[in-house]
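Please consult the sequence and the model while working through each solution.

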Amino acid sequence: MFLSSPLFILLAVATEAFNILPNSPTQRSFVSSHKSKSKLEGWPSFFSGLNPIATATAPAPAPESVSAPAAASAPSDSDSASAVSGPTALTDAYKASTSDFLGVQLQENIRKAALPMGDTPELMFLEDMPIVPAMWAKPMAPVTATVLGLQDIIGPEAPGDIMHVVLKFPDGVDCPYMEGQSISVIPPGIDPKNERAFKPRLYSISSSRYGDDLKGNSISLVVRRAVFWDPETEKEDPEKKGMCSNFLCDLSVGDEVQVSGAVGKTMLLPADDNADIIMCATGTGIAPFRSFTRRLFAEDNTKSRSYKGKAWLFLGVPVTSGLLYQEEFAELTRKHPDNFMTEYAISREQKNIRGGKRYVQDALLENVDEVVERMDNGAHIYFCGLRGMMPGILEALENCMDDCSMFQEKMKQWKAEKRWHVEVY
């Protein structure tokens with residue numbers, strides 16, 4: 001399994017090694033200084049060909065944009081680590097004005113999600129894809145993608161930067177991928193530590209196979225800027241910033257990016273159209289689950305027409321403005337109330353039953369009877385996000401049963417049946 005191999009672990013550590021930021025007012029104000037950069041140029045033309053009403057109802061882009069536990073285990077949404085955010089809610093009619101930091105691209109996706117199925121463009125030209133398509137490029141011979149658009153989708157109350165990045169593949173180059181897969185990004189330049197090219201960094205894909213433009217030749221990523229703020233010098237330490245995440249967050253429309261992939265079999269959707277799926281994420285770990293919901297509920301394709309199961313999303317973030325794709329999910333729950341539901345754990349704003357901060361494992365624990373019942377009936381459960389989320393989740397599941405061995409036996413069975421999916425970093 002590639003995503004649990006030594007290579008993936010090396011890449012993940014290289015990508016995320018400096019993502020832990022001191023939780024202090026100094027750090028918060030420093031990281032927020034990045035937020036003045038918003039790149040919306042290109043979005044109107046990017047969507048103009050999608051649908052006769054694609055740009056008629058979408059607001060103009062904003063001028064400026066504004067990822068205790070069960071016991072002693074580490075907080076799963078990591079207050080000081082992964083901070084993400086999202087826009088505020090729209091009206092059901094989808095005619096309210098957008099928030100300052102919500103771009104036309106995401107606004108358009110929400111509008112599409114709200115359309116009746118018959119008004120959604122039929123997407124069938126990528127339905128005959130093999131179960132897992134072959135890699136179309138390796139890191140030593142990458143494909144050059146072009147930035148179609150990117151938008152800072154972090155709210156003012158949440159620390160850090162989160163960028164929704166859309167990349168277009170070259171015309172005439174077939175780059176298929178499946179929901180739940182990842183691609184590698186190769187940052188330019190030479191690593192001064194070893195005077196060699198920078199190693200590729202893996203990013204989970206957040207779009208369906210059709211891409212956010214529905215043309216089948218683009219891919220979307222959710223990227224959190226990784227910086228290190230030295231509390232002693234009260235300055236950023238450039239030697240410890242995330243090279244690839246900063247490269248991606250600083251891109252402009254039209255810039256080129258070297259990518260390879262796609263890879264990964266761990267996080268794919270189940271073939272059984274009646275199987276429930278339970279999705280547990282922290283921060284930018286939402287990426288594969290956003291691709292799932294696009295595939296299952298937001299688009300008109302063979303899977304969305306045949307899927308009869310229930311999708312249940314658990315997302316842990318520090319603050320409300322850290323809820324990525326909140327409007328998309330809200331529209332999908334309104335449109336598919338019997339098949340999709342969300343449960344948010346907002347650690348700095350909510351309390352668990354013991355009076356401590358409410359993390360994603362607390363949300364699972366509150367619903368554990370139904371979670372276990374669905375798993376016993378054939379559901380698939382997925383985990384994506386910071387590695388620190390898993391101890392608290394496992395402990396919460398263990399504590400809900402008569403003894404630890406009972407849960408261990410169940411988990412062993414779920415893994416053997418390939419219904420337990422984990423991708424953490």
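**Exercise 1.** Over the ring of which residue does the charged end of Arg-290 sit?

*Solution.* The model is a predicted one. A charge counts as sitting over a ring if CZ of Arg is within 6 Å of the ring centre and within 35 degrees of the ring normal. The charged end of Arg-290 lies 4.7 Å from the centre of the Tyr-325 ring and sits over that ring. Tyr-325 also belongs to an aromatic cluster, together with Phe-297, Tyr-307, Phe-329 and Phe-340.

**Exercise 2.** Classify the aromatic pair formed by Phe-383 and Trp-420, and state which strands it ties together.

*Solution.* Step one: the structure holds 14 aromatic pairs. One of them joins Phe-383 and Trp-420, with 4.9 Å centre to centre and 50 degrees between the planes, and is tilted. Step two: Phe-383 lies in strand β14 (residues 380-385) and Trp-420 in strand β15 (residues 420-424), so the pair ties together parts that are 37 residues apart in sequence. Step three: buried means under 20% relative accessible area. Phe-383, at 0%, is therefore buried, and Trp-420, at 11%, is buried as well.

**Exercise 3.** Is the aromatic pair of Trp-414 and Trp-420 stacked or edge-to-face?

*Solution.* Planes under 30 degrees apart count as stacked. Trp-414 and Trp-420 have 20 degrees between their planes and 6.0 Å centre to centre, and the pair is stacked. Trp-414 has a relative accessible area of 3% and is buried.

Technical notes
Residues are numbered from 1 along each chain as its sequence is written. This is a predicted model: local features need pLDDT of at least 70, side-chain atom pairs count only at pLDDT 80 or more; totals for chains, interfaces and linings use all residues. Side-chain values use heavy atoms; hydrogens and water are left out. Rings of Phe, Tyr and Trp (its six-membered ring) pair if their centres lie within 6.5 Å; planes under 30 degrees apart count as stacked, over 60 as edge-to-face and the rest as tilted. Helices (H or I, at least four residues) and strands (E, at least two) are DSSP runs, numbered from the N terminus. Buried means under 20% relative accessible area, exposed over 50%, partly exposed in between (1.4 Å probe, protein chains only).
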